[in-house]
Amino acid sequence: MKTIKYILAILLMPALFACEDFLDREKLGEETSDVYFNSQEKAIHSVSAAYSDIKDYRFCWAWWAFGETLSDNAVYSGSDGDQAGFEPLKTFNGTPDMGLVTNKWRISYRGINKASQAIEGISAMNDALFASVSIKKRLIAEARFIRAFFHYELVRAYGRIPISDHFIKTASEKIGQSEISDVFAFITSELELAQADLPLKSEYDAADLGRVTKGAAQAYLAKSYMYMKEWDAARDWAKKVIDSKEYSLDPSYAHIFSFDGEHGVESIFEISFYNSETETSAFSNNGNFQTLFMLPRNITYGYGINQPTENLYDAFMAANDPVRMNASLLTTQEVYDIELADLYTALSAAQESGDAAAITKAQTDLQSGKDRLQFNRTGFYNEKMYVHPEKRSSEIRNNPNNIRLMRYAEVLLIYAEASAQVSGGEAEARAKLNMVRDRVQLPDVTASGQALLDAIYLERRLELAGESDRYHDLLRLGKASILPKWSEAKKYWPVPQAEIDVTTGEISQNPGYVGGN
Amino acid sequence: MKKYLLILFVLCWLPLLSQAQSNTVTGVVTDQDNFPLPGVNVVLKSNPTIGTITDIDGKYSINTSTNDVLVFRLIGMENQETAVDGRNVINIIMQAEFFGLDEVVAVGYGVQRKSDITGSVASVDFTELENQPVATIDQALQGRVAGVQVTANTGAPGGSLSMRIRGIGTINNADPLYVVDGIPVDDINFLNPNDIASIEILKDASASAIYGSRGANGVVLVSSKRGTLNTAAKVSFNAYYATQSVINKWETTTGPEWYGIQETLNQTRTSPLDLSVLDRNQNTDWFDEITRVAPMYDANFNVSGGSEKMTYSMSVGAFGQDGTIKGSDYSRRTLKLNSDYHVSDKFTVGSNINIQTNEQHSILEGSYHTGVINTAIKLEPNVPVWKDKANHVYDYSRFTDYPNPVAQIEYDNSKDLRLNLLGNIYAQYELIPGLTLKTSYSQNSSRNDAYNFVPAYFVNVNQQNVENEVSRDYTKNDYWTWENVLNFNRTFASRHDFGVMIGYTVEEGTYEWVNTSKKNVPNEDEALWYPGAAADGDNVTGSATEVALISGLGRINYSFDNKYLATVNFRMDASSRFPKGNKLGSFPSVALGWKVSEEAFMSDVNWLSSMKLRVGWGQIGNNNIGAYPYQTTMSGNAQYRYLYGPDESFDQGYVVVNMRDQNIKWETVESYNVGLDAVLFDGRLDATLDWYLKDTKDMLIGVPIPLYFGYEGGPISNVGSVRNKGLEVSLNYRERVNKDFNYNVGFNISTYNNEVLSIGSGQPITGGSYYLGSATRTEEGQSIGYFYGYKTDGVFQTQQEINDHAIQMGTDNTGLQPGDLKFVDVSGDGTITDDDRTFLGSPIPDFAYGINAGLNYKGLEFNLFFQGVQGNEIFNGMKTHLYKFDETNKHKDMLNSWTPQNTNTDMPRLNGSDANNTNRTSDRFVEDGSYLRLKNITLGYNLPRTLVSSIGLEAVKVYVSGQNLWTITNYSGADPEIGQVTTTNYLSRGVDIGTYPQAQIYTFGIKVQF
């Protein structure tokens, strides 16, 4: 009967495993979303995720490709393949399947989704989980700003877009496109909510530098109303920024774009980048990929893309504006001087020694150094995104220079433009315009009427050159027709084909792109 | 707990006979030509664990009782039984058994006589395939079994194959379940083919339902070699050496040809290439630069035998293969021990132990941008490999950013070291005669170490690494299975045969990985290629997955009068992989058989030795769904970081990035099978016919969601269904002409028909991505992963043709010229748009077949084996480069481009500013992928027995063989055997983006038995 015992033992052994727990497994290494929002720390992490898409290289790429390269300020350049690849967009004949077109849409909505998750997740948290209710409100307001910011970026590039104002959880949900004015109405209402709860820049702890501030929300409100041509509101919000005394113009224009100038007195919203040893993939780094795009080709590891045009150079020259020109445009000779400094030193050493062979060699070396610079289509590079060799990251995608998205100078110019548009505001307009001009040692503008407005428009071009605002300005001012091959029908980018394909009628193609191929 | 588990079962082995007086029997076993047969198993019917084996002269001697029955067994011969009946000398003449109907084959948790099987089960005697120099078991199965399609994804040493049983049942993982000596495993690549005795493939649901939620894609049962009781040690040594070369090359232009084409293109380019930077007469054959003639070897040593209580089989093996592409190789060491110990008449314990290690170096494949083979095909021939070889400076493409493939190979130091441990122990006890309880515990563990070191190097701005980097990725996989099975077999009233099996199993697996990398090793000495030596950038990540499964299973076999057969299988699986409420799945099957030839009315039909009709139905599942795809989790990738503060330190963001469906369940396959097995002409011809219909329901598909939802991926939901149907025929004919000469011919063919019935939203799924888009599409009404794009219709010959054609450029075809490619207006709306994209072909063949033939004359053996597929297409992704009006290398076809003087051609005019989008995904790149290949040809010679025994050996065979010597195909690439781009890229089947071609192999081998 010993046998029976063994058999029973075997028969009963499964009871050990039959408890429900044995089959209840979870994905390891990741927390499930239903238990996530349970501390202030994790609320902060959730908001960081919402910020993270702003620095995504695909988002930033589209930011300048649309804002700067489409305009008369820049050509795409890079290799023949790079240049040819962008050509359809440059000639306003882009197709809905283009990577840039798809990526700007895709990444912006990812940022919106993350922001909505943060807003809803944090809102549902008990106040007691936070050090203070104001922190909870602030975090929600930060996420709300980010959600508005991505809508703002989308509406500027695509026109009619779907408004996503909540965390979408079921695959059957559908949202159609809204009119541009409705999108801006959503953006401004969100920003108004956000600015109420956001701290001033000075109210943040130092460790929070880089988070969105009340000033940032107000500045984007002003700019949004500028696009909507609601001048009173634009002026009022710009005035709130000015009156806050949180910002001032940096006395040195060039200093704004230096490493020392990061998050400086003039900075209202800025993307921070650093050089990380561990984050090297294009999709997971916090380095500035855009610098890689724009560094001169082959003489550095850069691609030589987004080269400023001679047209922009001429504009600086015509305005007699050397300060901003020198800070914005890096000339070919400057590239040689910086990148080939060793070879120049060698040449002067050889010349001092008087050794003819050494001089010849140094000259040959210098020439072959210069020959390395390729596909230099305009003779200029974007100096605001340029990083000197000694500061340059050895990891090509990891340059540490920040990108400035909103500066106090622009708020002044918005204020100036809005004032000039309302009756009796010209004196105020000139005052603010001339603050910006004084900083770069340019004489005051005394014009009025349309001449004053034109002066403000030109000031915007020169002040914001290389900062991806030019095409947006040309569009809103009705001046985009100066661009070759521009057409009203294709002034915005098409809706990505992938979006048209996957949706079931709620998303339609922008009218200029319907039909044909 | 209640529901999952159960037990009971009974196994009736042969009836115990009462003991009688002891007696020694001797004798000689010969064949019908009176030739002595060595190696015949002689066992007592009363106790098959007691036995012996005939010696070289066919002689045996065995202790038995006077009233026992002796059973004589030899592979290839019919079993014979003789009552001892008091005799002391029993000489036996064995008859050649043509197709082993009485052979016992594995059917999952038990065995069955082949003649009693009602499902569709293919059985492969692996020892017959052992002359082929194949690295892996699945390679050896290619073309051997109707309905089993084996395709190499790559020709790389140690590379993966995809095995598809009865078509492609799902857009997800359609790999079959592999079961090695009862242990479920994910793949069988690591096993040494020399250790395998036989393979059974359960093709239809009525056979595979016993594996329940894992049976949907078929089940491959692998049985390894075991020893025999009371047998002297049999020692054998097998070895071969082979040389391999690339099967074929791409037809790319020479340097001067390329240069000429570029000069022509320059005439129409808006910014012409500066060709002066290249030498017109430089001619680098990049493909030659990366290929080589490579050796391969295999050596195996095996000892097997048994005492009266114990059997054993042990082997060691070493295999090594260098790839025909430089930088790729694979080597493997295997150790195997199988043993069984008969503690008593009723109680047996035993174990199987496999230990295997391998080392693999790979080249980059599967990348349509920088894959090594891909770049070697498309790089311009006018660039030399070296700029300055003496100083080790590589040259590079002047106009593209594609890397120099020779440099790529040099700077790739990745290697994989893998350890596989597979083993089980079992105990089996006969409770009462016929009722056996077996419990078995198995462990399957693997460890994979991936090493890499990327030195700092500079080829050019596009191919460089500024700081050296060392990385180490470690994965570990542990899976245990505990099975308990009761088996009962009994015959009632001499006409009712019952076999009942009941069991339960518990399984649990854990998988864990850690990836690490660091930078800046102070010097690049190989001794420092470890993370500890590197200075900067600790980068570590890792995670784990657990799965658990509890199952109850059962089978009833019933046979009435040995004429009417019925089999019922049932399995319930409860799996951790599914959400609460959907964890449990039931998988039933029923099959019926009718041995027509046993009927009285058939007794006069002499040409028919046996015939059996089978019908079967079953439902099975597919649980290959990845790790917990229904759980909404917070991701914390480095991508979701953001920087704050004056020091710019990051805060790690956490967020949901994939939408989830919380209600997913099993994919279910429902299949029907009708089959016929027949043996004709005194056993000379063996035929099997099967027709099947297999519907996959609730197929899990990633539901496409709008980009504006803001997720990185959509939910996976049970929304699809797929139908596969086909006909399978296999015929084998053997003729023994005389004592010195026999031959055999075999043929198998299977047809395939695959149709997607539903994919839920109706939104087509794209796949097979290459640099210009997607080559495949999966949608309702078509086969899985068919090729989709524009149709072309040659080139415009005249302006009139352009004017008459549908609008394919601008608003009125202005800009088109004679010589431009003509796209077909499929939709008929007068304009060429996306709507005109259509079906261009399918990677799934209409039919696949294998033909083998062998003959033996005295000591000589000759074997031929052909394998082929017909009616499938290949998307030639490389031609999208080679036909493009760009700087990459060009196809020789481009030399025949249209010109006003050369109009009789389909190749469009060379156009450097192509606004016609000539290279869009079209039928220009879809080619007939059919092929017939002489897979193996072998000539072997068995040294005369007298000679062999004079030097103290039992048998010696030498052979030469050739693999892949001859292929008929219309495909223009290097090799028409195109699997998937990568192992898990299921919708990239048949897409060639520079597939590692198969090798032509010449082998010399020897087999020695001591």
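Predicted model: local features only at pLDDT ≥ 70, side-chain atom pairs only at ≥ 80, totals over all residues.
Biologist: Which residues make up domain 1 and domain 2 of chain A?

Modeller: The assignment puts 38-198 + 483-512 of chain A in domain 1, while domain 2 covers 290-391.

Biologist: And how many residues of the two domains are in contact?

Modeller: On the domain 1 side there are 14 residues, in contact with 14 residues of domain 2 of chain A.

Biologist: Which elements supply at least two residues each to the side of domain 1 that touches domain 2?

Modeller: In chain A, those are α4 (57-69) and β2 (74-77). With five residues, α4(A) gives the most to that side of domain 1.

Biologist: Nice. How do the residues of that side divide into nonpolar, polar and charged?

Modeller: Six are nonpolar, five are polar and three are charged on the side of domain 1 of chain A that touches domain 2.

Biologist: Switching to chain B: what is the order of the three strands in the open sheet?

Modeller: The order is β51-β50-β54 in chain B, with mixed pairing.

Biologist: Which strands stand at the edges?

Modeller: β51 (926-928) and β54 (991-992) of chain B do; each has a single partner strand, so one side of each has no neighbour in the sheet.

Biologist: How many bridges join β50 to β51(B), and do they run parallel or antiparallel?

Modeller: Three bridges join β50 (residues 873-876) of chain B to β51(B), and the two run antiparallel.

Biologist: What stands opposite B:Glu873?

Modeller: That's B:Asp928, in β51(B).

How values were computed: Residues numbered from 1 in each chain as written. Chains lettered and ligands numbered in written order. Domains from an automatic or database assignment. Contact = placed C-beta atoms within 7 Å. Helix = DSSP H or I, 4+ residues; strand = E, 2+ residues; numbered from the N terminus. Nonpolar A, V, L, I, M, F, W, Y, C, P; charged D, E, K, R; others polar. Pairing = 2+ DSSP bridges.
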